[in-house]
Amino acid sequence: MKAVITVIGKDMVGILAKVSSICAEKNVNVIEVTQSILQDMFCMIMMADVSACSVPFADFSDILSEYGKENNLSVHVMNEEIFNSMHRI
């Protein structure tokens, strides 16, 4: 199963590194990343393979959300199938 991870917030050093570290700790493989800085805002979208995740998907999502709250970032994790269904016209 794949997931879409989005991160938005004020730019600071280490956001990509920390999100990637959390993924690695939970055995989640980052497949693709796109990021940009818009003025001082950090925006990132990751596609990740969560099929071998060492914790339940909901727990993985909660861990990343908690990281976001602690760092004033908006971090969302969504199952790719749900994401695709939401954006299908």
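**A nonpolar patch and its surroundings**

Reply: Ile-8, Leu-38 and Met-41 together make a nonpolar surface patch of about 260 Å². Such a patch joins nonpolar side chains (Val, Leu, Ile, Met, Phe, Trp, Tyr) within 5 Å, from residues with over 30% relative accessible area and no salt bridge; areas come from the Shrake-Rupley method with a 1.4 Å probe, and only the protein chains shown count as cover for residues. The model is predicted, so local features need pLDDT of at least 70 and side-chain atom pairs pLDDT 80 or more, while totals for chains, interfaces and linings use all residues. Residues are numbered from 1 along each chain as its sequence is written, and side-chain values use heavy atoms, without hydrogens or water.

With a relative accessible area of 43%, Ile-8 is partly exposed, that is, between buried (under 20%) and exposed (over 50%).

Strand β1, residues 2-10, also holds Lys-10. The side chains of Lys-10 and Asp-40 meet in a salt bridge, at 2.8 Å from N to O (a side-chain nitrogen of Lys or Arg within 4 Å of a carboxyl oxygen of Asp or Glu). Because Asp-40 lies in the loop between β2 (29-38) and β3 (41-49), the pair ties together parts that are 30 residues apart in sequence. Lys-10 counts as exposed, at 52% relative accessibility, whereas Asp-40, at 37%, counts as partly exposed. A search of the whole structure finds 1 salt bridge.

How values were computed:
Helices (H or I, at least four residues) and strands (E, at least two) are DSSP runs, numbered from the N terminus. Buried means under 20% relative accessible area, exposed over 50%, partly exposed in between (1.4 Å probe, protein chains only). Patches are made of residues with over 30% relative accessible area and no salt bridge: like charges are joined within 9 Å, nonpolar side chains (Val, Leu, Ile, Met, Phe, Trp, Tyr) within 5 Å.
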